[in-house]
Structures are given as C-alpha cells and as structure tokens.
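Keep the structure open beside them as you read.

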Amino acid sequence: MKQETITYKELTLPIIRSDRKSIGIKMEADGSFTIRAPFGIPKEYLLEAVKQDYEWIEKHRALRLEQSKKSADLGDAYTEAELQELARKATEWLPGKVREWASVIGVSYKIPIKIQPMTSRWGSCSKDGNLKFNVILMEAPERVRESVVVHELCHIGVMNHSKDFYDRLYSVFPDYDECRKWLKQEGMLYIRRLS
Ligand SMILES: [Zn+2]
C-alpha cells in the first residue's frame, strides 16, 4: 500500500494511522515529522491539524537545523592549519595582554610565553614564572581569555589555590566565576576537538 501523506506548503508528512483517539504531530528521532491519526479519519482533518501546527513545526525544524549545523561546526578535530591560525592569533594577542595584566597585579614573569595545544588545561605557571597557555584559548571570548591570563599571573608568588590566591584574583577580576563557567561548558567542546 502506498504511504499516505499530507502536504502543506513545503511540508510533506507521512500519516501513521492506529487505533488512537486523537490527531498528533510528532517529531521523529531523525528530525522529520509524522502525523499520527486514528483509523478512518478523513485527510482534510489532518490537513487542518498540520495547518494549525505549521508554526510549531517550522520553529522546530529551524532549531533542529541550527543544532545540527552547530555540532558539525564544532565536531571535527582541529586541522594542522586551524591550529596554526590559532597560534598566530595567540602570538598576536597574548604577550600584550599578559604584560598589561602583570602590571595591574604587580608581578613579573619570564619571557617567552609558551603557546601550545593542551588537552587538560587552559594555562599554567611554574614556580619561576614561566607561563604557558593553551592555543585554543583563542576560541574563547576575550574576557574569558583574560580570566585565564589573570589566573596564571596570580600564581606568581602564590603557587596554590588558597584563599590568598583567590582574594588576589577576585580583587582584580570580579567576574572570574562567569568566565570559568564558559570554560567548563563551552570550552570543553573546543578541548574535545584536540583529541
Ligand atoms: Zn591555578
């Protein structure tokens, strides 16, 4: 038997009939829509239901499309060229920013600053003031990038995460927690692309 369908504007929905009592429009796991209907109900009723729900269907179709585009954009591992481009950006942005914040905090550090891909951290600071930053930090919004710079610089002379460390950090960077949240949530999506 040929699959029954309802067509409205650019939509064509397969009709799945069963001994249910009402008409329902359902989004399937693959993002397509079907219309569920009782046996025997005429197609014009189904068309009416599709018309009524048209806006809802369109909204969900658009959302779905956006999501799949986003996950495709974020999904692939970085290519060598992409990493080089990020490294170029980092080399341009980081040194000046580190200098700026070091003077705000009142610390001095060693140069050169190291920039490299890291899968488990955004930055590091050694006892003797050598700084290292994750190259994919350049994917983050500028304020988030700065929060990592400030975190590492605050470690100079305070090599732990004690209250003193955080007092120093929050005194110059009060919105640190919001930035941290971005790194944990959005940032992890970029880190994953390094593997
Ligand atoms: Zn730390």
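1. Let me begin inside helix α1, with R61 and E58. These two residues are 3 apart in the helix, which puts about one helical turn between them. Their side chains meet in a salt bridge, with 3.0 Å from N to O. E58 is partly exposed, because its relative accessibility of 25% falls between the cut-offs of 20% and 50%. R61 also counts as partly exposed, at 34%. Please bear in mind that this is a predicted model.

2. R61 has another partner, E10. The closest N and O atoms of this salt bridge are 3.2 Å apart. E10 sits in the loop between β1 (5-8) and β2 (11-18), whereas R61 belongs to helix α1 (residues 43-75), so the pair ties together parts that are 51 residues apart in sequence. For E10 the relative accessible area is 43%, which makes this residue partly exposed.

3. Now for a salt bridge elsewhere in the chain: R193 with E82, whose closest N and O atoms are 3.6 Å apart. R193 lies in the segment after α5 (176-192) and E82 in helix α2 (residues 80-105), so here the parts tied together are 111 residues apart in sequence. Are the two partners buried or partly exposed? R193 is buried, with a relative accessible area of 8%, while E82 is partly exposed at 34%.

4. The zinc site deserves a look of its own. Which residues coordinate the zinc ion? They are H151, H155 and H161, each through its NE2 atom, at 2.0 Å. Along the chain, the donors follow the spacing H-x3-H-x5-H. H151 counts as buried because its relative accessibility, 7%, is under the 20% cut-off. H155 is likewise buried, with a relative accessibility of 7%. When you look at the ion, do remember that water is not among the atoms, so the site may look incomplete.

5. On helix packing, α2 comes up again, this time with helix α3 (residues 142-154). The two pack at an angle of about 55°, and their axes are 10 Å apart. That angle makes α2 oblique to α3. As for handedness, the crossing of α2 and α3 is right-handed.

6. My last point concerns the strands around β7 (residues 131-134). Strand β5 (residues 114-116) runs parallel to β7 and is joined to it by 3 bridges; within this pairing, I115 has F133 as its bridge partner. Strand β6 (residues 123-125) also pairs with β7, but in the antiparallel sense, again over 3 bridges. Here S124 is partnered by K132. What is the phi of G129, in the hairpin of β6 and β7? It is positive, near 85°, and the hairpin has 5 residues between its strands.

Terms used
Residues are numbered from 1 along each chain as its sequence is written. This is a predicted model: local features need pLDDT of at least 70, side-chain atom pairs count only at pLDDT 80 or more; totals for chains, interfaces and linings use all residues. Side-chain values use heavy atoms; hydrogens and water are left out. Two strands pair if DSSP finds at least two bridges between them. Helices (H or I, at least four residues) and strands (E, at least two) are DSSP runs, numbered from the N terminus. Donors are N, O and S atoms within 2.8 Å of the metal (3.2 Å for Na, K and Ca); water is not among the atoms, so sites may look incomplete. Buried means under 20% relative accessible area, exposed over 50%, partly exposed in between (1.4 Å probe, protein chains only). A salt bridge is a side-chain nitrogen of Lys or Arg within 4 Å of a carboxyl oxygen of Asp or Glu. Axes are lines fitted to C-alpha atoms, for helices over the stretch in contact, and angles run from 0 to 180 degrees between N-to-C directions. Angles under 35 degrees count as roughly parallel, over 145 as roughly antiparallel, 65 to 115 as roughly perpendicular and the rest as oblique. A crossing is left-handed if the near helix is turned anticlockwise from the far one by less than a right angle, and right-handed if clockwise.
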